Amino acid sequence: MINIDSTVSQAPPKVEVSNLNFYYGDKQAIKNVNLVLPKNKITALIGPSGCGKTTLLRCFNRMHDLYDGNRYEGEIVLDGQVNILSRRIDPIEVRMRVGMVFQRPNPFPKSIFENVAYGLRVRGEKNKSFIADKVEEALKASALWDEVNDRLKDMAFTLSGGQQQRLCIARALATDPELILFDEPTSALDPIATRNIEDLMDGLKKQVTILIVTHSMQQAARLSDYTAFMYLGEMLECDRTEVIFKQAAQLRTRDYVSGQFG
Amino acid sequence: MAISSLSEAIAAPPRKQVIRRLKERFIESLLFLCAFSCVAVTIAIMVILGTESIGLFKTVSVWEFFTGTEWAPLFEPAKYGILPLVCGTLTTSAIALFVAIPIGTTIALFLSEFASQKVRVWVKPILEILAGVPTVVYGYFALLFVTPLLQLLFPDLPGFNMLAAGLVMGIMIVPQISSMSEDAMRSVPDELREGSYAAGATKLQTAWNVVFPAAFSGVSSSYILGISRAVGETMIVSIAAGLQAKISFNPMDSAATMTAYIVQVSLGDLPHASIGYQTIFAVGFLLVSMTLIFNTIGHWLKRHYREQY
Ligand SMILES: Nc1ncnc2c1ncn2[C@@H]1O[C@H](COP(=O)(O)OP(=O)(O)O)[C@@H](O)[C@H]1O
Ligand SMILES: [Mg+2]
């Protein structure tokens, strides 16, 4: 079943997932998943609706710990050192290193500046000029600085949907995460806002490793270096994006990327 | 089927149609009347309070009423300055809010963000009991239990004092603030909480920095409605705070509130249209206006800031 092509391992791995199972109560949503996320690359996670993409993504920052009855099995190893699923690891420590951008923009009811500064503030950062620098840097990296630098004190919800999502990206970037998780970040946006976000994504690779869930084949093809195809909670195939789109090993993958089923 | 019945309806004899339309009209007006009666009663109360108190302002100038520092309408020489009563009302209300806002908000945050389902099932009915205790019981509780307790701490405390009344009034308001605030906090979407957790925040940081501000419109309107409850509260202050009108912001003093004055005078048998009789309408008018203003601010806040998330 598992097809970790030798080419995948060429870039040094940032994260290695091995034999991951995940359960919502009694219901198993992730089945024995193995996956490598190469460092400073974009890996796209695709698959039909309900196959477990969001569920898998949320394992990487222990988001499932927030709700009772959820259970992980297996390992997700960061930098070949720590298994972030280990009980001894504090999920907050994990989230300090792994950022997340959600399906719908979810800015806090605060100013634009405070939204981006949030992660630094909760880490206890007090140095004002350091925070200001970080906020500016993150807003520049998320291609929002030019639009908002004269209104940083305005409330975040005065921004358009696309701007809000870029703000959420800035919020995730401000704390220098090593890995950022994107869950269909453009599914609630119009084509122009989508384009803006896709354009900035490529630039982020220099700083972070990216895992992005997307339901758009074009987006996966355009953006990602590697593509992983999930089906019914299993990882059917993971390879370089052009391989998945041109000569996938599995019939199901070929059908899916060519739009035969969804 | 649908089409044929529709054309039947169109072709129905005019008499039937008229009756049907009249019936609709009738029910509609009935519903409107029910809704309107609340408004009408409110307006009627204001009008009666207003007209009955006009008599007072024939003898007393409006200026004297609002700026006079002594209130003794039933004695000779009569004094008609409302300020002492307003002062008693504001002081007891301030003490009450000083208790109710922090405790109510904390309970709301706890119930909405920290408590397990099990704990919530226990705590909520207890709060409801607290909310259902008749205020006369609170009043005697303040007078016969809280005041003696406070006198252990402050031996000079008089038997009637604003401190005990205010504290107990605060406890009375806690359930209102906690339940309204909790509703507001629980309606904050989980996406916001998750956004905060994903940024590395703890539960406490999330509750305080994200949930609380996101729910602030509802929370603040619960505070305002709490204020108007405190301002209008009668029993507790009549029983425990005393009936002596004087300008004092000292919680250790006894003092009469606007409500306590109205009770005191209404219970006596004053002749209709006497000046004492007119004063309670004037005080009542001011009281209702104050609570009305607070309520309006509360509802306005709630609506105005609704779409913050
Ligand atoms: N909180 C939950 N509790 C129970 N089952 C869930 C929960 N969230 C998702 N699921 C189930 O897990 C499976 C995977 O869901 P999800 O990860 O959201 O899929 P995808 O993101 O690929 O559309 C689905 O069958 C879904 O019904
Ligand atoms: Mg999903």
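# Exercises on two interfaces of a predicted model

The side chains of A:Arg58 and B:Glu194 form a salt bridge with an N to O distance of 2.8 Å; a salt bridge requires a side-chain nitrogen of Lys or Arg within 4 Å of a carboxyl oxygen of Asp or Glu. The model is predicted, local features need pLDDT of at least 70, side-chain atom pairs count only at pLDDT 80 or more, and totals for chains, interfaces and linings use all residues. Residues are numbered from 1 along each chain as its sequence is written, chains are lettered from A and ligands numbered from 1 in the order in which they are written, and side-chain values use heavy atoms, with hydrogens and water left out.

**Exercise 1.** Describe the interface between chain B and chain A.

*Solution.*

Step 1. Chain B contributes 19 residues to the contact and chain A contributes 24 residues, where contact means heavy atoms within 4.5 Å.

Step 2. About 1,800 Å² is buried between the two chains, and carbon and sulfur atoms give 58% of that area. Buried area is the accessible area (1.4 Å probe) that two parts lose on being put together, summed over both.

Step 3. Two salt bridges are counted between chain B and chain A. Eight residue pairs across this interface are in polar contact, both residues at pLDDT 80 or more. A polar contact is a pair of N or O atoms within 3.5 Å; within protein, one must be able to donate a hydrogen and the other to accept it, and residues adjacent in sequence count only if both atoms are side-chain atoms.

Step 4. On chain B, helix H9 (190–198) and helix H10 (203–214) each supply at least two residues of the side that touches chain A. Helices are DSSP runs (H or I, at least four residues), numbered from the N terminus. H9(B) gives the most to that side, with eight residues.

**Exercise 2.** Characterise the contact between domain 1 and domain 2 of chain B.

*Solution.*

Step 1. Domain 1 of chain B spans 2–54 and domain 2 spans 71–304, with bounds from an automatic or database domain assignment. Their centres, taken over C-alpha atoms, are 39 Å apart.

Step 2. Six residues of domain 1 of chain B touch ten residues of domain 2 of chain B. These domains bury about 700 Å² between them, 81% of it on carbon and sulfur atoms. B:Met46, B:Leu49 and B:Glu52 supply 71% of the area that domain 1 buries against domain 2.

Step 3. Between the two domains of chain B, the count of salt bridges is zero.
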